[in-house]
Amino acid sequence: MITTKSGKLGKQSVSFNTNSAWGKPTEMPDPVTDPYIFSKLLELSTNNTPWDYVNYSDEHYQWAKERSDNPSLEDVRIDPKDPKRWAYMGNNNWNQYFLNNSAHSQSYNLTFSGGAKVNELPFKYYLSGDYTKENGLSKIATDYWTRKGMRGRINIAPFQWLQLDNNTSLYNTHRESPAASLTDIYYLTPIQVAKNPDGTWANTDAGRLAARLSDGGKSNGDTFGFQNTFNAVGTFLNGDLKVAADASVKREYYKSNGYAKKFKIGFGPNDIREEGGTGYVNESRTDLNNTVFNLYANYNKTIGKHNFGAMVGYNQEEYIYSSTYVNRNNLISSTLPYLGLTTGEMTLNAGYSSYATRSYFGRLNYTFNERYILEGTGRYDGSSRFPKASRWGFFPSVSGAWIVSNESFFESLKPKISNLKLRASYGSLGNQNVGDFSYIQTMGTSLSGYLINGNQQYVVNGAPPLTIDPNSYTWENVSTLNFGADLGLFNDKFFVGYDNYIRNTTGMLTAGQELPGVLGTSVPRQNAADLRTKGWELSVTYKDQFELANKPFSFDAKVVLSDSRAKIRKFKNDERLLSTYFNGYEFGTIYGLQGDGLFKSADEIKALDESGIVPWGALNIVNGWPKFKDIDGNGKIERGLTETNLKDLQVIGNSADRYRIGFNLNMNWGGFDASVFLQGVLKRDFYPRHYLFWGPYQQPYANIYPWHLDFYRETSDTAEERAKHSQAYLNAGLADANHDAAYPVLQSWLADVNDGKGLAIPNTQYMLNGSYLRLKNITFGYTLPHELLEKWKIQRLRIFFSGENLFEFSQIKKYVDPEAINNGTDGSAWAYPFQRKFSVGLNLDF
């Protein structure tokens, strides 16, 4: 049961809390910004391919060298070849240009609470209002989220046996953001410039992104919400029987509008052009209705050393979500972005989603002499997300515990061993986390490509997809067997809890076995797989209090460490294809090649055939190309398709989070308080894909990152060539041969994830350690002495300072934020920047 704050009987109070925070990005992939190094290496990356896309002129390199040697020189000038155009040679770190290092956020909360007796019966109230504004990291565009809310709670007892409680919440949120995405900064290169000398946006990708962010349109969204929960509790039979009922209603109305409009780009001193297409305006409206009813009764009775308990209940929930969306192109006026001022083709869409659940549940429990505990529960759940024939499921559970420390023979061990409890449980739950109408086959429609009766008509555009098999579509059954123990030492100052569990998921909903292509459609989803997860959790707590400088000092520390591994136990895949599940498959498994350094000679290249993994079948295998171990010994590097014939693939890692850890520390002394929270993952493998790690190895439209500078170079440059290079290029050793390089010959498309060959194949040489331990929060506070405040009738005044995501122990933060690699499954770490936050706040009670 979730409870919220309420007033206290006999006490009237007013509380005011405020907090101001400043945020900046955490770890970001910072590229090489030297214009000469970037230009030279980007061109080199395509020179080593059949597609010689990048070719800079001698004039470009001369200017790049000049700006590399003297960054104070102008980065924008009149193009010598075309005096009507600007020319650019930047040295920009776009993270610094576009991202704010002091994004301000603030929150306020005012609360009135109290209680009194009315006709000898209690009446309590709680009323609060709050306001929050959080600014995003965009430095040049408006980007923020606000929330205004009010909550009121009243608790009354009209009779001694009846308590009534009503909790109402009203809130409004507003989100304003630019139409362009801030993560597009990852595409920008350092030699671009954002602004021209005349103040116009530059004719570069950076200039266009800045123009789109600041002038190219906005997106606004407003949510209006109402939630009310009414609860009634009746107490009977001298308190042995309690009957409770509650009804919760949630209504949300969301509206949004967005628009894109033209923006101006400066091509030359007197050449300013409009871009951005014809513009568009869109609007959407969404309604959410969620209603929940609960009715349950608890009976508890103690007879001597026997305690009996029983509970029966009923739950019902209905959820309805509907939306409409309209978009129209050809915005007439950029200064008035309204739907009525558009003239283009209109697109109208509508969505509807709903589900309902109904549950009957019960529990029986028995305790003997506060030592032996038995409990059994059962749920009978029904969901509209399944066909009528398989809509209901029964999910029982049973548990038991032995409080050994309450036995008479244990008294001699106290208080050294103050608590010992052994427990075991087995239970099942149903999982209905599936689509609302997935079991119903639908037929898509679209406008016909030809005229029917003089107009385009909506027609069926294909056969209904075979999304699921309705004959075997029902609840996933998740059953868990758990064994645990709790141990307390020295009056529970030191407390250890341990749990070991086996969780079996039967009838897991997934695509069924691979079928021949002649089926003509995708394989339908079925309750086709069984999954087993084995895991454990260990928690260790220590708390104490003692005198320090004649003042009580108290602290508590807790560390939680857990781990789990999940494997498929049943799935129809006789060939054990790697493209889908098979019996014994462990989630997160990374199949890849064993790295064996780089090719150093033509003889090595000739001795090992790697043509089967050449990206697009077109790149040349040369000295410095990645070399892999020939596991099956056939003289070729090949990838197997099945687990029984991996060829040169092996299990080289696992991307699942292992050994998850959390640590809490709280301290209080003389009005001072402090808390520390650390969180992390101690074992995780991550194989990078895409631009943020591979840069030009992915494609030649990306940045050069510092780690790329250690790439294979067959020969040193001649004295004549060295004379042309910038000093920074020479100082970086880029004109020297490098046979013991960390990275292969600089060759674009070598790691192209779109083709999935070359370095896009996971391999041990470039597998990264994705583990981390992050200081998530640290707070220091001071509460002024009560005797200093009482003359102003102040109950409490506390000032605090706090920091979030302040530091992390991680090898991968050299490349990206360690938590960004959980963003999706494509290995790109392509995420909105995480934030470090520093805040100061005040808690004031009257």
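Trainee: Where does methionine 346 sit?

Mentor: Methionine 346 is in strand β15, which covers residues 346–368. Keep in mind throughout that this is a predicted model.

Trainee: Is methionine 346 buried, partly exposed or exposed?

Mentor: Methionine 346 counts as partly exposed, because its relative accessibility is 45%, and buried would need a value under 20% while exposed would need one over 50%.

Trainee: And what does methionine 346 touch?

Mentor: Leaving aside residues up to four places away in sequence, methionine 346 touches Val326, Asn327 and Arg328. As for leucine 209, which is 137 residues apart from methionine 346 along the chain, the two C-alpha atoms are separated by 27 Å.

Trainee: Which residue in a strand has a positive phi near 60°?

Mentor: Lysine 647 has a phi near 60°, and its place is in strand β29, residues 645–647. With a relative accessibility of 31%, lysine 647 counts as partly exposed.

Trainee: Switching to peptide bonds, which residues does a cis bond join?

Mentor: The cis peptide bond joins lysine 414 and proline 415, with omega at about 0°, and proline 415 lies in the loop between β17 (392–403) and β18 (417–431).

Trainee: Let's zoom out. How many helices and strands does the chain have?

Mentor: The secondary structure comes to nine helices and 37 strands, and the C-alpha atoms fill a box of roughly 100 × 85 × 70 Å along the principal axes. Of the 846 residues, 43% count as buried, and among contacts between residues at least 6 apart in sequence, 69% join residues at least 24 apart.

Trainee: Which strands does β23 pair with, and in what direction?

Mentor: Strand β23 (residues 525–548) is joined to β22 (residues 494–511) by 16 bridges, and these two run antiparallel; 19 bridges join β23 to β24 (residues 551–570), again antiparallel. To place the pairings, leucine 509 stands opposite asparagine 527 in β23, and threonine 541 stands opposite lysine 558 in β24.

Trainee: What is in the turn between β23 and β24?

Mentor: The two strands form a hairpin with two residues between them, and alanine 549 in that turn has a positive phi of about 55°.

Trainee: And the open sheet with β8 in it, what's the strand order?

Mentor: That sheet has three strands in the order β8-β11-β12, with mixed pairing, and its edge strands are β8 (201–202) and β12 (271–275), each of which pairs on one side only. Two bridges join β8 to β11 (residues 263–268), and this pair runs parallel, with tryptophan 201 standing opposite isoleucine 265 in β11.

Trainee: Which helix lies across that sheet?

Mentor: Helix α4, residues 205–215, lies across β8, β11 and β12, and runs at about 150° to β11.

Trainee: What do the buried residues of α2 pack against?

Mentor: They pack against α1 (35–47), β2 (76–79), β3 (82–88), α7 (719–724) and α8 (727–731), and the buried set includes Trp63 and Ala64. Helices α1 and α2 pack at an angle of about 140°, with their axes 7 Å apart. That contact involves residues including Pro35 and Tyr36 of α1 and His60 and Tyr61 of α2, and by class it has four nonpolar, three polar and four charged residues.

Trainee: Last topic, which residues touch the most other members in the largest nonpolar core?

Mentor: In that core of 97 residues, they are Leu41, Phe98, Trp694 and Tyr743. A second, separate core has seven residues, including Phe395, Val434, Tyr473 and Leu509, and leucine 509 is the residue that stands opposite asparagine 527 in β23.

Key. Residues numbered from 1 in each chain as written. Predicted model: local features only at pLDDT ≥ 70, side-chain atom pairs only at ≥ 80, totals over all residues. Heavy atoms only, no water. Pairing = 2+ DSSP bridges. Helix = DSSP H or I, 4+ residues; strand = E, 2+ residues; numbered from the N terminus. Contact = heavy atoms within 4.5 Å. Axes fitted to C-alpha atoms, helices over the stretch in contact; angles between N-to-C directions. Buried < 20%, exposed > 50% of the residue type's maximum accessible area, 1.4 Å probe, protein only. Core = buried A, V, L, I, M, F, W, Y, C linked by side-chain atoms within 4.5 Å. Nonpolar A, V, L, I, M, F, W, Y, C, P; charged D, E, K, R; others polar.
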